[in-house]
Amino acid sequence: MSVTAAQGFTAAGIAAGIKANGNPDLALVVNNGPRLAAAGVFTSNRVKAAPVHWSEQVLRGGTVSAVVLNSGGANACTGPKGFQDTHATAEKVAETLGGDVNAGEVAVASTGLIGVLLPMDKLLPGVETAAAALSADGGEAAAIAIKTTDTVHKTATASQGGWTVGGMAKGAGMLAPGLATMLVVLTTDADLDSATLDRALRAATRTTFDRVDSDGCMSTNDTVLLLASGASGEVPAYEEFAEAVRTVCDDLARQLIGDAEGASKDIRIEVIGAASEDDAVEVGRSIARNNLLKCAIHGEDPNWGRVLSAIGTTKAAFDPDRLNVAINDVWVCKNGSVGEDRDLVSMKDREVRITADLSTGSESAVIWANDLTADYVHENSAYSS
């Protein structure tokens with residue numbers, strides 16, 4: 001049930017008319033407490049959408065009563081009017097929900113085309129419609145409403161003892177470190193404060209969403225939120241909770257890569273034998289962003305030379321004559337030269353595994369990427385909504 005798997009949350013997803021095609025485009029997630037703790041991580045792009053600026057301010061207070069999300073428009077690069085519209089959206093949610101909810105406790109997230117103002121005459125009435133549709137079974141509808149070029153909606157859950165972590169995500173393009181182009185809402189009924197949530201969320205995103213690199217393009221709107229209702233009354237040990245959050249984030253991150261625009265291969269890049277984790281991550285990202293390699297993988301060509309050339313562009317510590325590369329467990333490159341017969345490599349399956357051994361230390365990292373296809377080019381040449 002996605003974001004409503006945890007106790008204390010209701011959600012809804014409706015068609016407000018923001019999208020011209022009439023598909024669902026507005027989601028609302030409400031934390032009914034008793035705790036209203038929250039944490040958030042946002043894009044590291046210096047060009048940030050209005051909802052990101054707003055929600056960053058909201059999260060500084062550590063309290064979130066509701067999240068309103070729209071697809072069909074990013075409300076990015078829209079100037080003061082865009083920020084005013086974000087504020088008005090939060091005000092409308094607070095007014096509609098009533099009670100003690102105020103706009104300063106309402107996070108806002110948007111996704112879609114950059115540089116276009118949102119149709120507020122449709123969005124604001126849509127908030128009322130969504131509020132009327134709130135349900136403990138509304139998680140799936142909410143996940144569907146935040147899709148843009150996604151072909152499927154994305155949800156995940158993890159439970160331990162008497163508490164649960166649930167989540168939903170959207171994202172299929174502009175997927176790159178600095179979070180990826182995504183909106184993610186995670187919920188838990190564990191009874192934890194915002195500081196604990198923040199610690200667990202940052203640890204999880206560092207090794208999951210921040211290591212997804214589909215196309216090297218960083219969004220203006222990336223938002224990952226974690227809300228706690230405390231409704232279970234359970235206070236789990238930090239390590240158990242952090243692992244559950246990481247599990248859900250990892251599941252959603254893999255779903256993002258699996259639905260990447262035009263992709264026909266999911267590429268798992270593991271860098272081992274690095275002098276430091278930073279070196280391993282840098283090398284993994286360089287390999288993930290090598291368009292020649294991505295094209296070769298689309299053509300099912302185990303071109304390990306392109307892996308080495310990508311490694312060589314980094315500042316990581318390594319000796320070129322000690323580099324080893326395996327593709328789908330066949331060590332096609334040994335000691336910087338020809339290894340096992342590349343004809344032994346089968347690349348028929350969707351997942352392709354690349355292992356790059358720097359032979360320098362004991363640190364490692366995994367980056368997920370995908371191939372570069374004609375369908376990706378078509379998707380992004382035709383995209384306009």
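Modeller: A cavity is a set of grid points where a 1.4 Å probe fits but cannot get out. Keep in mind that this is a predicted model.

Colleague: How many cavities of 30 Å³ or more does a search of the whole structure find?

Modeller: The search covers the whole structure. The cut-off is 30 Å³ or more. The number of cavities found is 1.

Colleague: About how much space lies in the largest cavity, in Å³?

Modeller: Rolling a probe the size of a water molecule over the atoms shows where empty space is left. For the largest cavity, that space comes to about 40 Å³.

Colleague: Which element gives the largest share of the lining of the largest cavity?

Modeller: The lining includes V68, L69 and N70. β4 (66-71), α2 (79-97) and β5 (106-111) each supply at least two lining residues. The largest share is 3 residues, and the element that gives it is β4.

Colleague: How many residues of that lining are charged?

Modeller: Among the lining residues are L26, P51, T86 and S110. The lining divides into 7 nonpolar and 5 polar residues. The charged count is none: no charged residues.

Colleague: Which residue of β9 is the bridge partner of G40?

Modeller: β3 and β9 (residues 223-228) run antiparallel and are joined by 6 bridges. In β9, the partner of G40 is L225.

Colleague: Which strands stand at the edges of the open sheet formed by 6 strands?

Modeller: Its order is β13-β12-β11-β14-β10-β15, and the pairing is mixed. Each edge strand has a single partner, so one side of each lacks a neighbour in the sheet. The edge strands are β13 (337-338) and β15 (363-370).

Colleague: What is the bridge partner of D266 in β15?

Modeller: β10 (residues 266-274) and β15 pair in the antiparallel sense over 7 bridges. In β15, the partner of D266 is N370.

Colleague: At about what angle does helix α9 run to β11?

Modeller: Helix α9 covers residues 304-311. Helix α9 lies across β11 (324-327), β12 (330-334), β13 and β14. Its angle to β11 is about 135°.

Key. Residues are numbered from 1 along each chain as its sequence is written. This is a predicted model: local features need pLDDT of at least 70, side-chain atom pairs count only at pLDDT 80 or more; totals for chains, interfaces and linings use all residues. Side-chain values use heavy atoms; hydrogens and water are left out. On a 1 Å grid over the protein atoms alone, a cavity is a set of points where a 1.4 Å probe fits but cannot get out, and a pocket is an open set with protein on both sides within 12 Å along at least five of seven lines; lining residues have an atom within 4 Å of a point. Grid points are joined across faces, edges and corners, and a volume is the space filled by probe spheres set on the points. Helices (H or I, at least four residues) and strands (E, at least two) are DSSP runs, numbered from the N terminus. Ala, Val, Leu, Ile, Met, Phe, Trp, Tyr, Cys and Pro count as nonpolar, Asp, Glu, Lys and Arg as charged, and the others, Gly among them, as polar. Two strands pair if DSSP finds at least two bridges between them. Contact means heavy atoms within 4.5 Å. Axes are lines fitted to C-alpha atoms, for helices over the stretch in contact, and angles run from 0 to 180 degrees between N-to-C directions.
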